Amino acid sequence: MGEGEAEDEILLEFTPTWIVAAVCSIIVLISLVVERLLHYLGKFLKRKNQKPLFEALGKVKEELMLLGFISLLLTVFQSTIVKICIPRGWTDHLLPCKKDSSTDLAATTAHYFAGATRWKRRLLSSQESYCNAKNEVPLLSLEALHQLHIFIFVLAITHVVFSVLTMVLAGLKIREWKHWEDSIKASDSGDGPRTVSHLNQFEFIRDRFKGFGKDSRFLGWLYSFGKQFYGSVTKSDYTTMRLGFVMTHCGSNPKFDFHKYMVRALEADFRKVVGISWYLWIFVVVFLLLNVGGWHTYFWIAFMPLILLLAVGTKLEHVISQLAHDIAEKHSAIEGDLVVKPSDDHFWFSRPKIVLYLIHFILFQNAFEISFFFWILSTYGFDSCIMGKLQYIVPRLVIGVIIQILCSYSTLPLYAIVTQMGSSFKAIFEEHVQQSLIGWANKAKRRKGPRSGYGSSKAGSAGSEEESSRGVPLQKLGRGDRNKGLESV
């Protein structure tokens, strides 16, 4: 080992103490600043009664804790991992970059495991000799572990940032609907004369109903596909779905603030989107396995979130159209206002939550594509073989931008309002109101059935809490409790 190499490998015991203290101080200072910022942000959200966003912040902290644990595992076990030796022939298969046959085997192996020379990191001589003595190579080098560590960190941070960005942009779009809510309340004159109107007089029916028969079904789906790109939700859509929700779930409170409820419901769902679930990590592992040179996996997989996003947007638009068809197929004229009937049957497998899971996967996969691109760019450079050719790079970036914009300004706002057309009502009341509802449900259960001892009472209490967390149909509540809950939304 030369003098220059020895200088690059100075151990901690020969490092000046002022350097060690300075580096530690900077790392600790940055960590404390980030921790304090998250702490004060949490206090701000609690002071503003933003419980869903506060819980989403807790998800972010969980992700940071998971990253710290991954970091610890990679650091503690790196000396063990690099001493796991495998036959040289095993490294000739499923490579992200094809080896040059004219290059010496040892040099190509070193290039594959050591990565970019800009990092100037080397395997320790003892670890090299450990596997070389067996005529084998390390399972993973220190440099590869270091780069893998950085990639996992960049992926998690990018996903959180993109999720927050999507939520903020979607919130700005949804706030544009606030003046519709205000105008509806201002024009509501109470119980007036009920007139009979033909369905064609309603703008909602004219826009959404495409007739009967097979041709109309095809035109309906085609219309729903194109509608997500422009004016995904119109005033007539908002007014009709709002009235259907109010009449179904809170008929005794016609001045119910549907817009505020919808925003809070979306915030409650956001805490599920911002995290990285176990099945998303499985996707990462599968992608890393299939990222073989010549397959262009990173290019083809970029179309997956785009296709899913278009499918989700089309389905949400079609749910609105289906509400119009349900009315038009049963009536030719109606008395009073046009009232649609929310139902879970309009959604895939009668489960509106499937849409949220798909949006979660779409946001994560798009963040994965973007983070993978920037990680390759910063680690290996633009001309790296793992980056691919220009004709594969540009479409990936364009697709990523399209997904981010479409999801922020169309799909997520659509999700916020259309999922309210399900059969259930989400319990997103204030904490004290939710406790009152749980107490009322417990009393109602005790009055309804015979007492069966402590065990049955405890089970009833647990069941009530579970029902409150899932969603409480307001028809089950008494008028006093129901109005109290609605006023707090």
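Trainee: Which residues do ring pairs link into a cluster?

Mentor: Ring pairs join Phe151, Phe283, Phe287, Phe361, Phe364, Phe368, Phe372, Trp375 and Tyr380 into a cluster. The model is a predicted one, in which local features need pLDDT of at least 70 and side-chain atom pairs count only at pLDDT 80 or more, while totals for chains, interfaces and linings use all residues. Residues are numbered from 1 along each chain as its sequence is written, and side-chain values use heavy atoms, with hydrogens and water left out.

Rings of Phe, Tyr and Trp (its six-membered ring) pair if their centres lie within 6.5 Å; planes under 30 degrees apart are called stacked, those over 60 edge-to-face, and the rest tilted. By this rule the structure holds 26 aromatic pairs. One of them joins Trp278 and Tyr279 in an edge-to-face arrangement, with 5.7 Å from centre to centre and 85° between the planes. Another is formed by Phe373 and Phe374, also edge-to-face, at 5.2 Å and 80°. For accessibility, buried means under 20% relative accessible area, exposed over 50%, and partly exposed in between (1.4 Å probe, protein chains only). Phe373 is buried, with a relative accessible area of 7%, whereas Phe374, at 46%, counts as partly exposed.

Let us turn to the helix around this part. Helices (H or I, at least four residues) and strands (E, at least two) are DSSP runs, numbered from the N terminus. Helix 16 covers residues 353-379. Of its 27 residues, 21 are buried, so helix 16 is largely enclosed by the rest of the structure. After helix 16 comes Gly381, whose phi is positive, near 100°.

A salt bridge here is a side-chain nitrogen of Lys or Arg within 4 Å of a carboxyl oxygen of Asp or Glu; for Arg396 and Glu369 the N to O distance is 3.1 Å. Arg396 is buried, at 5% relative accessible area, and Glu369 is buried at 5% as well.

An unreviewed UniProt entry annotates transmembrane regions, among them residues 273-292, 354-377 and 397-418; its positions are given in the numbering used here, feature names are shortened, and annotations may be inferred rather than shown by experiment. In the model, residues 397-418 are 100% helix and 0% strand, with end C-alpha atoms 30 Å apart. Residues 273-292 are 70% helix and 0% strand, and their end C-alpha atoms also lie 30 Å apart.

Finally, Trp278 shows an outward aspect. At 64% relative accessibility, Trp278 counts as exposed, while Tyr279, at 30%, is partly exposed. Trp278 also belongs to a nonpolar surface patch of about 760 Å², together with Leu94, Ile282, Val286, Leu289, Leu290 and Trp295. Patches are made of residues with over 30% relative accessible area and no salt bridge, like charges being joined within 9 Å and nonpolar side chains (Val, Leu, Ile, Met, Phe, Trp, Tyr) within 5 Å; the areas come from the Shrake-Rupley method with a 1.4 Å probe, and for residues only the protein chains shown count as cover.
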